[in-house]
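I opened this model to take notes on its strands, its helices and its domains. The entries follow in the order in which I looked things up.

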Amino acid sequence: MAAPIQYRKDKKRTEFLDPRNEYKLSEVETEIRYDPLTSTSSRICHFSRDKMDPPDLTEMVEASTGFCPFCPEHIDTVTPKYPESFLEGGRLSLGDAKLFPNLFPYDDVSALAIISSQHYLPMDDMPVQALVDGISIAQEFFLKKDNSQALGKKFYSMVTWNYMPPAGSSLIHPHLQVLHTSNPGNALRREIEAESCYYEEHQRNYMEDLIKSEQSSGERWVGTHGAAQWFVPFSPTGIIGDVIAAFPGKATLADLSADDIREFAEGMNNILKTFSEYGLWSFNFGFFPAADGSDPKEHWLYARIVPRIFVNPMTNAGDASYMQFLIEERVAMVYPEVTAERLRAGWKF
Ligand SMILES: [Zn+2]
């Protein structure tokens, strides 16, 4: 049966007399794309330079080291602990990672996972072991913590990451947000609702159909490594695009084996390296799970990486504006097919 995935886009054109070309008539194209699942729209316009110069981060890294609460000399004395009744020992350690409550929580259960004792981990050589330790310690926390709060209700085990200041991180030291919540956020809630409707209508898993469609067209496909299938979404999220890793037949983080996590981390290391070759040095990352204990019938677990930039490094102008905040419209400066081509060229598996 053919996958019922619909890729919808509108082309827009504007004309003006261009001062950069002796005021000759010039035409500029914008494209609006609609997400095949939710119809959320993205504009692709203002095409960016091919490669940006990576900034020298030495000064920022050095200046932030002395007072970092997550460095080994401070972490045990300045970070909070959970009550024994909630988590035995108060904190978790796994490999080089540590997990404890967020002093500034977003929910009932809102932890931080410091993925490495290293203050700075470079995007062009993100250590696979740090990614493995970070994801694994979150997975262990979701199992070990007091789960009584969630009994009989829908809860979501979320792991997200703001890496470096353009992505919203106030601290350089790499740390994941680990959230156990009845409210997974608007984006995931809308997706899960839309996937349920899709399942009702077609008796099929949306992501399964999407993957088949992407794999057969190939223009946004990146590759497979271990349990994860990597591709670039048709309707972009970030200004420099984004990439998804979907986990067929798995619903939540609890469904990932140690091998799945390691192979995913190897894929992520590879993707981050390629992005960094284009001068990128910051990203948002998150897993999008089904509710705890769900079977993978309607929603497959996936992860999304969204590179973030200062659009003008002179002024530190951010890449989110009224578009994203007020009218909830995504804007991208790179075609998804171009992002996919770059990621495929760097794909080493
Ligand atoms: Zn540090």
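How many of the six residues of strand E13 are buried? I noted first that the model is a predicted one. I then went through residues 302–307, which make up E13, and found six of the six buried, so that the strand is mostly covered.

Entry on the side chains of E13. I looked up which way each residue points. Tyr302, Arg304 and Val306 point one way from the strand. Ala303, Ile305 and Pro307 point the other way. The residues of both sets are buried.

Entry on the partners of E13. I checked strand E12, residues 283–288, and counted six bridges from E12 to E13. The two run antiparallel. As a landmark I took asparagine 284, which stands opposite valine 306 of E13. I then turned to E11, which is joined to E13 by four bridges, again in an antiparallel arrangement. Here alanine 245 stands opposite alanine 303 of E13.

Entry on the whole sheet. I traced the strand order as E4-E5-E6-E8-E7-E12-E13-E11-E10-E9. This is an open sheet of 10 strands with antiparallel pairing. I found its edges at strand E4 (92–94) and strand E9 (221–225), each of which pairs on one side only. From one strand to the next, I noted an average twist of 20 degrees.

I also looked for a helix on the sheet. Helix H8, residues 336–346, packs there and touches E9, strand E10 (228–231) and strand E11 (243–246). I noted about 40 degrees between the direction of H8 and that of E9.

Entry on H6 and H8. I looked up how helix H6, residues 258–277, packs with H8. I recorded the crossing of H6 and H8 as right-handed. On the H6 side I listed Asn270, Ile271, Lys273, Thr274 and Glu277, which meet Arg342, Leu343 and Gly346 in H8. The residues of this contact comprise two nonpolar, three polar and three charged.

Entry on E5 and E6. I went to strand E5 (residues 97–101) and strand E6 (residues 109–114), and found four bridges between these antiparallel strands. Leucine 99 has alanine 113 of E6 as its bridge partner.

I stayed with E6 to look at serine 110, which is found in that strand. Why does serine 110 count as partly exposed? I counted 17 C-beta neighbours inside 10 Å, and the buried class needs 20 or more while the exposed class takes 12 or fewer. I then left aside the neighbours within four places in sequence, and found serine 110 in contact with Asn102, Pro105 and Leu179. I also noted a C-alpha separation of 8.4 Å between serine 110 and threonine 181, which are 71 residues apart along the chain.

Entry on the domains. I noted a division into domain 1 (8–44) and domain 2 (58–346). Their C-alpha centres lie 31 Å apart. The contact takes 11 residues from domain 1 and 15 residues from domain 2. On the domain 1 side, I found two elements that give two or more residues, strand E2 (24–34) and strand E3 (41–44). E3 gives the largest share of that side, four residues. I sorted the domain 1 side of the contact into four nonpolar, four polar and three charged residues.

Terms used: Residues are numbered from 1 along each chain as its sequence is written. This is a predicted model: local features need pLDDT of at least 70, side-chain atom pairs count only at pLDDT 80 or more; totals for chains, interfaces and linings use all residues. Two strands pair if DSSP finds at least two bridges between them. Axes are lines fitted to C-alpha atoms, for helices over the stretch in contact, and angles run from 0 to 180 degrees between N-to-C directions. Two residues are in contact if their C-beta atoms, placed from the backbone, lie within 7 Å. A crossing is left-handed if the near helix is turned anticlockwise from the far one by less than a right angle, and right-handed if clockwise. Ala, Val, Leu, Ile, Met, Phe, Trp, Tyr, Cys and Pro count as nonpolar, Asp, Glu, Lys and Arg as charged, and the others, Gly among them, as polar. Domain bounds come from an automatic or database domain assignment.
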